[in-house]
Amino acid sequence: MYAMWRLQVALCTVSVLLSLSSGESKARSCSEVRQAYNVKGFSLVNVPHQEISGEHLRVCPQGFTCCTSEMEDKLNQQSKVEFENLVEGSSHTMRTTFVARHKKFDEFFLELLDNSEKSLNSMFTKTYGKLYMQNSEVFQDLFTELKRYYTGGNVNLEEMLNDFWSRLLERMFQLLNSQYHFTDDYLECVSKYTDQLKPFGDVPRKLKAQVTRAFIAARTFVQGLMVGREVANRVAKVNVVPACVRALTKMLYCPYCRGMPGLKPCHNYCHNVMRGCLANQADLDAEWNLFIDAMLLVADRLEGPFNIEAVIDPVDIKISEAIMTMQDNSMQVSAKVFQGCGQPKPSGIGRSTRGISDVFSTRFRPYAPEERPTTAAGTSLERLRVVWRTMQHSVIDIKGKLKESKRFWSNLPDDICAKGNLTESDEEQCWNSHTKGRYFPEVVKEGLTNQLNNPEVDVDITRPDTLIRQQIMALRVMTNKLKNAYNGNDIYFQDSSDEGSSSGSGSGCSDGCTTEFVFVGTEAPVIGADRSDERAAAAAAGNTLACGPSLLLVMVALTLPLCVMQTQRR
């Protein structure tokens, strides 16, 4: 009887074990994992159909698993690729904004400059005829140098404008004293009297102030757009360190190994992982925000209060008035030059029968609407207005996009971990790094130093990312230049190969360089960076704008033709 009872117990035990084994076999099927793994583009060869022992796993929990070592390695690499794509995708709109706005602003400004040159050439040809055409290279060189400055050439605006007026004085002096022969040395002596005699009146001083402020602001602004683009592009190509890859794999793909491929990570869990992986990017945010603020300041200068009908004295009229002043004062100017440089030798020809004085006394009158010149490219006054209004709208558009990009880098983890996209909104039904359930650790703050206690990513806070520090330095240099441009000043970019050069009124590029900014190649100090120059620039910026003219008014004065002179003369 006892033996029979023992046999029954044994049979029942075996039956129960078989039943449990059958139930567990169904619960541990890896069919969903195989399907999800295959959708990722991986081969199903050697992928288990049922869970296996997980002692071989190095990242995911080592219980029963659907992952082999080879699968874990592939998912490790997949995590890295997906994270890089997430960062690039999240920053795509902001990066393309800088690219597109840089291109538009550049095109508009250069078109305005071309139109201004065409307007001057057309009007001076009609007014001064052959005399202008024989000396047109003086004016062509002026616009060539202005374009070269704007596109990054090594041009000192003040020196270039001084040289223009000196050359114009030499040409005018010869034309007004054509009965004499002048050597090169004598003409050089004549040019030295430009400042002392002021043969062109106050026009050179006023034009210099307006042109330098306008061009410094425009060039610096377009360089700032390009710097923002380059910094964003470089930072978006994130350097994914091994500790970050491990954390990403654990968050994104360890649910696969646990047989739950559709389970998304908890929101706060994602935050800790992303703040650990993007700690260096977050440190860029402070300098990035200062850079954006400085860009907005210069944009305000470029935008400015503007009324086309109230604009007077375009550049061609200003130069013509200077010529008139020189002609009116030619006797006094010539006498003082002869006194200082000596009496020149007669040429033996005498004054031209053409009547130089008569030519120059032809006042630069405004054209009637039907006479208004149109260039070969079809550019008329209305076209200039259209281009200028488009440029105005472009600046307004750029300002809006710049404001949207503030705090971009510190907000990047939020953008990536947006609920319903990468993470699960139900905090009880999400992956918490071990299983399905609530995630309890607190979310750490952004930035490298705050990652010391990050529970998900082992971040070495003593080793900042070199590339990020270089971009911080690039932004710092550009911000300083923008603040100076806001106040009408230009400074050199300091090149790592030229420690001695730091400031001046010219460009920071060498001859032939474009608006492409050469980034500082030295690593920024990690701690205790001196910000005194920025504080001083910010303080100065707060005190100077109120007294200066709108840069848009200046640029319109450089680009619009003459019709408004009629209003002035009425």
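This briefing describes salt bridges and disulfides that join separate parts of the chain. The structure is a predicted model, in which local features need pLDDT of at least 70 and side-chain atom pairs count only at pLDDT 80 or more, while totals for chains, interfaces and linings use all residues. Residues are numbered from 1 along each chain as its sequence is written, and side-chain values use heavy atoms, with hydrogens and water left out. Helices (H or I, at least four residues) and strands (E, at least two) are DSSP runs that are numbered from the N terminus.

**Salt bridges**

- The count comes to 24 salt bridges, where a salt bridge is a side-chain nitrogen of Lys or Arg within 4 Å of a carboxyl oxygen of Asp or Glu.
- One of them pairs E82 with K40, whose closest N and O atoms are 3.1 Å apart. Because E82 belongs to helix 3 (residues 69–128) and K40 to the loop between helix 2 (31–39) and strand 1 (52–53), this pair ties together parts that are 42 residues apart in sequence.
- K40 is partly exposed, with a relative accessible area of 33%; here buried means under 20% relative accessible area, exposed means over 50%, and partly exposed lies in between (1.4 Å probe, protein chains only).
- Another salt bridge forms between D397 and R101, with the closest N and O atoms 2.6 Å apart. D397 lies in helix 18 (residues 381–404) and R101 in helix 3, so the pair ties together parts that are 296 residues apart in sequence. D397 counts as partly exposed at 29% relative accessibility, whereas R101 is buried at 17%.
- D283 and R469 also form a salt bridge, their closest N and O atoms being 3.0 Å apart. As D283 is in helix 13 (residues 279–283) and R469 in helix 20 (residues 466–486), the pair ties together parts that are 186 residues apart in sequence. D283 is partly exposed, with a relative accessibility of 26%, while R469 is buried, with a relative accessible area of 7%.
- Salt bridges with shared partners join R275, D285, R407, D414 and E446 into one network.

**Disulfides**

- A search of the whole structure finds seven disulfides, a disulfide being a pair of cysteine sulfur atoms within 2.5 Å.
- C30 is joined to C66 by a disulfide with an S to S distance of 2.1 Å, and this link is left-handed, with -90 degrees about the S-S bond. The pair links distant parts of the chain, with C30 in the loop between helix 1 (2–27) and helix 2 and C66 in the loop between strand 2 (64–65) and helix 3, 36 residues apart. Both C30 and C66 are buried.
- C67 and C257 form a disulfide in which the sulfur atoms are 2.0 Å apart; the torsion about its S-S bond is about -95 degrees, so the disulfide is left-handed. C67 lies in the loop between strand 2 and helix 3 and C257 in helix 11 (residues 254–257), so the pair ties together parts that are 190 residues apart in sequence. C67 is buried at 0% relative accessible area, and C257 counts as buried at 1%.
- The sulfur atoms of C270 and C417 are 2.0 Å apart in a further disulfide, which is left-handed because its torsion about the S-S bond is about -80 degrees. With C270 in helix 12 (residues 267–277) and C417 in the loop between helix 19 (408–416) and helix 20, the pair ties together parts that are 147 residues apart in sequence. C270 is buried at a relative accessible area of 0%, and C417 is buried at 0%.
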